[in-house]
Structures are given as C-alpha cells and as structure tokens.
Amino acid sequence: MRVHHLNFATLNPRGGRLWDGGEHAWYQRATLACHGLLIECATGLVLVDTGLGTRAVTDSQWLGTGWTKVWNPQLDSTTTARAQVVALGYSPDDVRDIIVTHADLDHTGGLADFPAATVHISTDELDALTHPSTLAERNRYRPCQFGHQPRWRAHNADGAAEWRGFTAVREIEGLPAEILMIPLAGHSRGHTGVAVDTGTGWLLHAGDAYYADTQLASPPSCPAGIKVFQILGQADGTRRQANLAALRNLAAEKADPVTIFSSHSHAEFVRHSRRDLHPFGQ
C-alpha cells in the first residue's frame, strides 16, 4: 500500500498567529492547508477528502462569496485533487472510493470531479447533510456540491470494535482491512477520522477534530482564533473535547506510536508530505 499526503488548497485568512500560531502579526495572512490522502491499494485509488474541487476555480458560487472572503483560498487548478491524481499518472476514473471525514465544503468540493466513485461517510454525517436538524447544520453544507448525486455508502458507528482507545471503529466494506473509519464526532454530527495501516506504522487522519498541532502537545496550547472558531463551529462540544483528549492520549503513546495529523495544520502537512519522497510500503 502506498500513501501520498496531498494539499488540495491553501487558505490564507487574516489573523496571522491567531490562526497558525506562527510569527505573523494578527493583521497578516495565516497559512492553512487542506490536507488529504491518496492511497494506492489493490482495489484502486482511495481518496481521503477532496478539497475545494475544480469548480471552485471557475464558479464563485461553488464556495460562496462569504466563505471565500473569510478564508481567502488560493484557487489554483493544479492543486485540486483531480489535477494531483492526474499528475501522479492516474486517471480520475482510477479513484474508486472516497472517504470523507465530514461534509463541510472544503472537504467535499471535489466529489463532483469523481462522479463514479463510491463515497464513504458516517451515517450521522449523511443524515446531518440530508436532514439537518439545526440552523447550524442547514447553513454549514453547500448543496450545489452534491448536485451530481454522489454514490453514498453510509456506515453506522455502532459496532463494538476498538482501536487504540477508540470504540465503534469500522472496517470499510470493499476496501482493505488496513483502512478504518474512527468516530470523532463533535466538530460535526458525524465527523470521522481515517486510520491507515501502512505496513510500517499507522496513520490517523483526524480531519477537523483539531486544527493546530500544538493542541496535541504536552502541555497543549491553541491559537486564540482557532479556539474561538472551534467553539462556534462545533456540533457537540462535549464529544469534541472528549475525542480531542483521546487524540492527545494517543499522541503521547510512545511504545507503538501513531502518526496523527489534521486537515488544516500547514506545519503538519509540510512535515508529513516529506514521506512522499519514500512512500510507505516501498
């Protein structure tokens, strides 16, 4: 199995160190990633999240003007999931399966670029998308991104399986047993992580369960802008905090470490993308 770390878009919101914890002044632009995975396995290619998508480059309504003004995405057709799949020598049709951590627009904007793929999503997240129960759920998803009628395959988080302190973990039917869905609800109703056994160690894509790598440090810290945003955007604060604590415990495990990363930490993306020089399983 070969795993590629890919950045599907760079976001540059104002707020500097309030967002990225770096040396930027608060009035400067921060740098955030849209960190996804491309997994090469026997069944074909598997994407974990899809970024903003090619339509975002040409259609201002794909993301909405409000979201675009706040996050200031660098809209570059060469960084879309589709373009990066092609750059690696594959056809978009080779992407047979997509796993979405959740259905926010910066994670599902590229689904329309792979219309034949099966899209794996937690049952709770698909229900939040199709039957929103709160005003926040009605506002957080972008219906135009799902107009092509994705081939959803929903997965319940009700099993008894455990993995590294997390419960209700599921294997994904039709995919290798080395790829698992890890329930990490809180940011959204059905938010999920994706764990991958590369053969040389486990990876855990934690989606938006946290934003800054310092949130998993000991002691943890969090830039002020991220702290406020996470509270304002959370669907369930109690579950989000519980899952964040479980991720911290996992990050502190030294005996059999797991490589954990989130969607938007640019520092994590730079650090882990270097693995593509010597991809897992090679």
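**Pockets, pairs and backbone**

Modeller: Let us begin with the second largest pocket, which has 21 lining residues, those nearest its centre being Ala157, Pro183, Leu184, His191 and Arg239. The elements H6, S8, S10 and H9 each give two or more residues to this lining. Helices (H or I, at least four residues) and strands (E, at least two) are DSSP runs, numbered from the N terminus. Please keep in mind that this is a predicted model, in which local features need pLDDT of at least 70 and side-chain atom pairs count only at pLDDT 80 or more, while totals for chains, interfaces and linings use all residues. Residues are numbered from 1 along each chain as its sequence is written, and side-chain values use heavy atoms, with hydrogens and water left out.

Colleague: What counts as a pocket, and how much space lies in the second largest pocket?

Modeller: On a 1 Å grid over the protein atoms alone, a pocket is an open set of points with protein on both sides within 12 Å along at least five of seven lines, whereas a cavity is a set where a 1.4 Å probe fits but cannot get out; lining residues have an atom within 4 Å of a point. Grid points are joined across faces, edges and corners, and the volume is the space filled by probe spheres set on them. For the second largest pocket this gives about 270 Å³.

Colleague: Which residues lie closest to the centre of the largest pocket, and which helices supply its lining?

Modeller: The largest pocket holds about 650 Å³ of space. Its lining has 30 residues, and Asp104, Asn139, Arg140, Phe229 and Gly233 are the closest to its centre. Helix H3 (65-71), helix H5 (105-108), helix H7 (135-140) and helix H8 (224-233) each contribute at least two lining residues.

Colleague: How many salt bridges does a search of the whole structure find?

Modeller: Side chains of opposite charge can pair when their charged atoms come close. With a salt bridge taken as a side-chain nitrogen of Lys or Arg within 4 Å of a carboxyl oxygen of Asp or Glu, the search finds six. One of them pairs arginine 55 with aspartate 59 at 3.0 Å, N to O. In another, the closest N and O atoms of aspartate 127 and arginine 189 are 2.6 Å apart. This second pair links distant parts of the chain, 62 residues apart, with aspartate 127 in helix H6 (residues 123-130) and arginine 189 in the loop between strand S10 (179-183) and strand S11 (192-197).

Colleague: Where do aspartate 256 and arginine 164 lie, and is arginine 164 buried or exposed, or partly exposed?

Modeller: These two residues form a salt bridge whose closest N and O atoms are 2.8 Å apart. Aspartate 256 lies in the loop between helix H9 (237-251) and strand S13 (258-261), and arginine 164 in the loop between strand S7 (162-163) and strand S8 (166-167), so the bridge ties together parts that are 92 residues apart in sequence. Buried means under 20% relative accessible area, exposed over 50%, and partly exposed in between (1.4 Å probe, protein chains only). Aspartate 256 is partly exposed at 44%, and arginine 164 is partly exposed at 28%. Shared partners also join the salt bridges of Asp127, Glu137 and Arg189 into one network.

Colleague: What should I check in the backbone, for instance phi of arginine 164?

Modeller: Arginine 164 has phi near 50°, a positive value in a residue other than glycine. Aspartate 49, also not a glycine, has a positive phi of about 70°; this aspartate is found in the loop between strand S3 (44-48) and helix H2 (55-58), and is buried, with a relative accessible area of 2%. A further point to check is the cis peptide bond between serine 218 and proline 219, where omega is about 0°. Proline 219 is found in the loop between strand S12 (202-205) and H8.

Colleague: Which residues of helix H10 are buried, and what do they pack against?

Modeller: An α-helix has 3.6 residues a turn, so residues three or four places apart point the same way. In helix H10 (residues 266-273), the buried residues are Glu268, Phe269, His272 and Ser273. They cover an arc of only 115° around the axis, which puts them on the same side of H10, the arc being that of the directions from the helix axis to the C-beta atoms. The buried residues of H10 pack against strand S1 (2-11), strand S2 (32-41) and S13, where contact means heavy atoms within 4.5 Å.
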